[in-house]
Amino acid sequence: MKKSENWSLLLATGALVAATVQIAFAPAAMAADPVRIGLALPLSGAAASYGHDSQRGAGYAADLINQRGGILNGRKLELVFEDEKGTPQGGVAAVQKLMSVGRVKAITGGTNSSVVLAESSVTKGRMLQVNAGAQADAITEQGSPWLFQINNTVSLNSESFNAYIVKTLKPKTVAYMGENSEFNKTVLEKLKESLKAAGIELLSTSTYDADTNDFTSILTKIKASNPDMLYVADAYPARAAQLWKQVRQIGGFKIEVMSPGVVTSGMLKPADGAMNGVYTGEIFMATDPGPEGKEFVDNYQKKFNILPGKGELVIFESINLIAAAMDKAGTDSDYAKISKTIREGTWPSPRGQLKFDEKGRARAPYFYIQRVENGNIVQVERVSSH
Amino acid sequence: MTAKRPGAMAGTASGSMVRELVYVACAVACIAALGLTFSDPFIVTLAGYTCAFALFALSINVILGGVGEVPLGQCLFFGVGSYGVAIGMGKLGLPFEVAVLAALVLSVVWAAIIGAITLRLTGAYFSIVSWGLTGVAMVAANNLDDITGGPLGLFGFPPIKVGPLELSDPQTYFMVTAFILLAAILFLVAVRRSPFGAAMESVRQNPHLARSVGVDVARVRLKAFLLSAPLAALAGALSVPYTQIVTPEVFNVANTVDGLLMVLLGGARLIIGPVIGAGMFTLIPQVMNLDPNVRILVFSSIIILIMMFAPGGLHQLGLALRDRFGRKKDVHGS
Amino acid sequence: MELFVQTLVNGLVLGAGYAVIAVGLTLIFGIVGIANFAHGAFFAMGGYASYLLTARGLNYFVAVPLAALIVVAIGAFIEWAIIRRSLYGDSHHGSLIVTFALGQAGVAGLILLFGPDPLPVTSPLGQSTMRFLGIFVTSQRAFIFICSIVVLGALGLWLQLSVKGQQVIAVAQNARGALYSGIDVPWIRTIAFVLGVGAAGLAGALLAPISTIFPTMGHGALIVGFTVVILGGMGSIPGAMFGALLIGVANALFETYVSVSWTPALGWGLVIATLLFRPQGLLGRVQQHRH
């Protein structure tokens, strides 16, 4: 017994020493080493379908770049994915794993603002992070010099959309109902500001819990106050679809509007026609993309047989931004230089030329006002965003 | 002849005490060694967070393995710890240690109030009510946004320090949480060996019998509850340096369920069972790259199998295997 | 005034849906002695079963009872494979953990089979509404109201009037005594469990056209179920109906006249109050706690 124990101990030690020696003396990285970009995505949990869409969009972006020869003298892009599970602790673990085990040079991804906030505290001062989709203003308000955001913040979306409501739709009275969530609070604040400035009366606000699936009482009460316009703020497809079905059942309202940036095919399908006539807004429209976006949409559709949604768009833009900025700055790790390059340049994208402000937010030239017709989103107007 | 059990009042007291001191010294050495050798922030901070969550699992086991109830609402105290620290540091400008202490006191106060109201219930009724309270807490946290930051939560804290120790440094974070965990384990071992521990065990096994021999069942349960709350709150406080943000989701019953799984995996009868379970729970997903829903399916099935065949968790399985294949020192085996 | 009556009607109609969920839970809780935390998963399975059947072109009204039967079959299998072997006569926390794990596994299974996105189930009643005296009710909800009365009434009558039903009540009151009287207790427990989850599945199929189906749809149903069962009284079918209607109306009134965002806390508040002041529920019998 004792002898074999000794032998196994010796063998194990020997193996350990050998491995350590090998790692210590590993050959230096070669020039054609790929540039790794890390993506922390919700691959499980409620936002899982969004995470998988983003995976596809990111892969597509990286493939295109690699086909064109890669960046920084022929180095290819390599994507590393980690599941952030939709929780802040999942986000922290994912980003740390990407940074250490994944050895990535930049981090992107991001849907849920609380998760991105947690992630940003890990990357602050250590790595470039491009928040693709999360919308809370607080993320970029932190003023982290190496943190950028592709999607409009809630305020940016609301400003453009509310201007349309006030100038074109012109309701005399408005009722608001929305889920009690992170970004709806800002949506409501901005709405109150815009309506007050225009002298439009906000009759009532109803904020409901995430588990709610029966809105009849709320809608009955709202209907009794007879508003011109109903404003609904809800990003969760199943619940929103149900809500609109129940709106139909009580007879609807004169003008119906949904918070910008949330309407997806995953919401329209189960709504089964109940959302026809609803106005909303978005930063991008696959069915009517404008000249810069056409190539992106057509090629995406050819490859995957479906239209790209906003999720795929923002991740596509993120990957392209990181790659192009690194290439232009001539480095994959001098983040101060890369960040400066981003802020000083204009970046071509399916939405036109993007510029980044001092807080790292992307500004696109346009914003789209949309309407649901026959179960599909249709463009009403393309307004210029300021 | 009485079977040898650790902590038995008769028998080789000094011999087993030396043995235990050696265990503790080994644990201290291990923690120091791990903390100093590994520098990869991912592994080290994850280990630290696992220690904090293991503390939470320990607090659950005070009730589950201690008095035999399923405290679905334990995440309430975890949340009190997290929010206590967040509000203390963020809104009141208190240093971390003071905020933690305030959170612990708050958790005991809440435990007293809640315990007085709910502990007269047993079984599923108790579990459902404690679950309901977390539901109310989550709604409150979402709505009282002046205090709690609402759905987005509280974030943006100054660098968190305990005295001179910077918790933003991964290795320091790990060592602090690991030592606190060790202290908690030692404390709970002492409790189990005390008369109070014996009283808890009698209540767990048969409350009617316990009452008939003079054990004040209600008081024992309340004391156990008051003991578990600050442990959970401490765990919540220690998790804040890891995520740097506290949201109402911290009251989600899913957190308690995770903790319960850890307890069951490792064994509710063993004091360090929850710690083993926490380790496995964190390690397995990292090692096996499973689709998360497959992971949930696998873990749930494991739990069902454990409850069906080995309710004592892996510890019971381990003992059974040892008895079968291992050395048999003592005929009565225990 | 019209708003008040409409709100009342909304509440009653909402409550009827809760009743079908709750009656299954109260059967299992009261007769089998298990807190079935997997109840929500069975509810979801009923919804998905109705989706599968209607997607193949089956008429919705035929799909509903068939979906319930599918859930009954699944429930029977689970009872045989797992519940029977682990829970009867066990420590009281065993049932909680096992059924919780079953529920989790069920939801994960649904996500793996159907994906996480919501799916629509269309009922021939569509979005139509019925109006009388200025009050409106959606046709689907009216249908659910009628079904709930029928189902609960039928169950109640069966329990009172049939031999098997009487045996079920006997087992609920005193399992050991029932065993000594020659009643096949394990078989009765199986029946009760299977009926209970069948009711959950039926509720899922009935509510599917209203809420669309998605894997976690059972979560809310579970909470509502427990709330109603505790309020109405464990093991009491009239209690389930009464409790459900009461909660439906309370929720509707609270939401309309007090506050929308605090409404979820109302149900839990009622549960806590009930357990403190009248633990047997409004219509339940005072019971010794089981060990």
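**Helix crossing, cysteines and a buried threonine**

In chain C, the axes of helix α2 (residues 39-55) and helix α9 (residues 218-232) come within 8 Å and cross at roughly 130°. This is a predicted model, so local features need pLDDT of at least 70, side-chain atom pairs count only at pLDDT 80 or more, and totals for chains, interfaces and linings use all residues. Residues are numbered from 1 along each chain as its sequence is written, chains are lettered from A and ligands numbered from 1 in the order written, and side-chain values use heavy atoms, leaving out hydrogens and water.

**The α2/α9 pair in chain C**
- The crossing of α2(C) past α9(C) is right-handed, with the near helix turned clockwise from the far one by less than a right angle.
- On the α2(C) side, C:His39, C:Gly40, C:Phe43 and C:Ala44 meet C:Gly218, C:Ala221 and C:Leu222 of α9(C) (contact means heavy atoms within 4.5 Å).
- Sorted by class, that contact has four nonpolar, three polar and no charged residues, and Gly counts as polar.

**Cysteines**
- You'll find zero disulfides over all chains (a disulfide is a pair of cysteine sulfur atoms within 2.5 Å).
- For B:Cys51, the closest cysteine sulfur is in B:Cys30, 12 Å away and too far for a bond.
- B:Cys51 is also buried, at 12% relative accessibility (buried means under 20% relative accessible area, with a 1.4 Å probe and protein chains only).
- B:Cys75 is buried too, at 0%.

**C:Thr138**
- C:Thr138 sits in strand β2 (residues 135-138) of chain C and is buried at 8% relative accessibility.
- Leaving out residues up to four places away in sequence, C:Thr138 touches A:Gln249, C:Ser128 and C:Thr129.
- Helices (H or I, at least four residues) and strands (E, at least two) are DSSP runs.

Note on methods: Axes are lines fitted to C-alpha atoms, for helices over the stretch in contact, and angles run from 0 to 180 degrees between N-to-C directions. Buried means under 20% relative accessible area, exposed over 50%, partly exposed in between (1.4 Å probe, protein chains only).
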